[in-house]
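This report describes one protein model, from its overall layout to a few selected residues. Please look through the sequence and the structure before reading on.

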Amino acid sequence: SNPFTFVPLYMFGTYVGSVVLGYDLNVNASAFRHFSLTELFGGSKEAVNAYFAGNFITATFASLAGYFILAWFIGRYRRLRESRRKRLKLDV
């Protein structure tokens, strides 16, 4: 993450974790400005669990999606490069 996406990404991950774990949490955006987990969640074990579980889930889905998208782009690039290479050999 970066400073511009830190708050929305981690808030979304915490929300996902709270839904998956069945917790009724009020995710506060201002809390994400702190870097200490104790300050961030006020010592709530449920919030810490939701944070880690939700961000693990969202990171897993994002990495899988990124893998398949990147694999498609790399495959397309290699096919285009090979067809260009064949075309250049025929022109010579």
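## Terms and basis

A contact means heavy atoms within 4.5 Å. This is a predicted model, in which local features need pLDDT of at least 70 and side-chain atom pairs count only at pLDDT 80 or more, while totals for chains, interfaces and linings use all residues. Residues are numbered from 1 along each chain as its sequence is written, and side-chain values use heavy atoms, with hydrogens and water left out.

## Overall layout

The protein chain has three helices and zero strands, and its elements run α-α-α from the N terminus on. Helices (H or I, at least four residues) and strands (E, at least two) are DSSP runs, numbered from the N terminus.

Of the 92 residues in the protein chain, 15% are buried. Buried means under 20% relative accessible area, exposed means over 50%, and partly exposed is in between, using a 1.4 Å probe and protein chains only. The protein chain exposes about 7300 Å², of which carbon and sulfur atoms supply 63%; accessible areas come from the Shrake-Rupley method with a 1.4 Å probe, and for residues only the protein chains shown count as cover. Among contacts between residues at least 6 apart in sequence, 56% join residues at least 24 apart.

## Helix α1 and Ser 18

Helix α1 has 16 residues and reaches 22 Å from its first C-alpha to its last, close to the 22 Å expected at 1.5 Å a residue. The expected span is 1.5 Å times one less than the number of residues in the helix. The buried residues of α1 are Gly 13, Thr 14, Val 16, Gly 17 and Ser 18. Just after α1, Gly 22 takes a positive phi of about 80°.

Ser 18 lies in α1, which covers residues 6–21. Ser 18 counts as buried because its relative accessibility is 4%. Leaving aside residues up to four places away in sequence, Ser 18 touches Tyr 23, Leu 25 and Ala 50. A polar atom of the Ser 18 side chain lies 2.7 Å from the backbone oxygen of Tyr 15. The C-alpha atoms of Ser 18 and Glu 46 are separated by 8.1 Å, although these residues are 28 apart along the chain.

Asn 55 is placed in helix α3 and, at 13% relative accessibility, counts as buried. Which residues does Asn 55 touch, not counting those up to four places away in sequence? They are Leu 9, Tyr 10, Gly 13, Thr 14 and Ala 50.

Ile 69, Leu 70, Trp 72, Phe 73 and Ile 74 form a nonpolar patch on the surface, with about 520 Å² of accessible area together. Patches are made of residues with over 30% relative accessible area and no salt bridge; like charges are joined within 9 Å, and nonpolar side chains (Val, Leu, Ile, Met, Phe, Trp, Tyr) within 5 Å. Leu 70 is in helix α3 and is exposed, with a relative accessible area of 52%.

The structure holds one salt bridge, that is, a side-chain nitrogen of Lys or Arg within 4 Å of a carboxyl oxygen of Asp or Glu. Arg 85 forms a salt bridge with Glu 82, and the closest N and O atoms are 3.6 Å apart. Arg 85 and Glu 82 are three residues apart in helix α3 (residues 45–91), so about one helical turn separates them. Arg 85 is partly exposed at 41% relative accessible area, and Glu 82 is partly exposed at 35%.

Key. A polar contact is a pair of N or O atoms within 3.5 Å; within protein, one must be able to donate a hydrogen and the other to accept it, and residues adjacent in sequence count only if both atoms are side-chain atoms.
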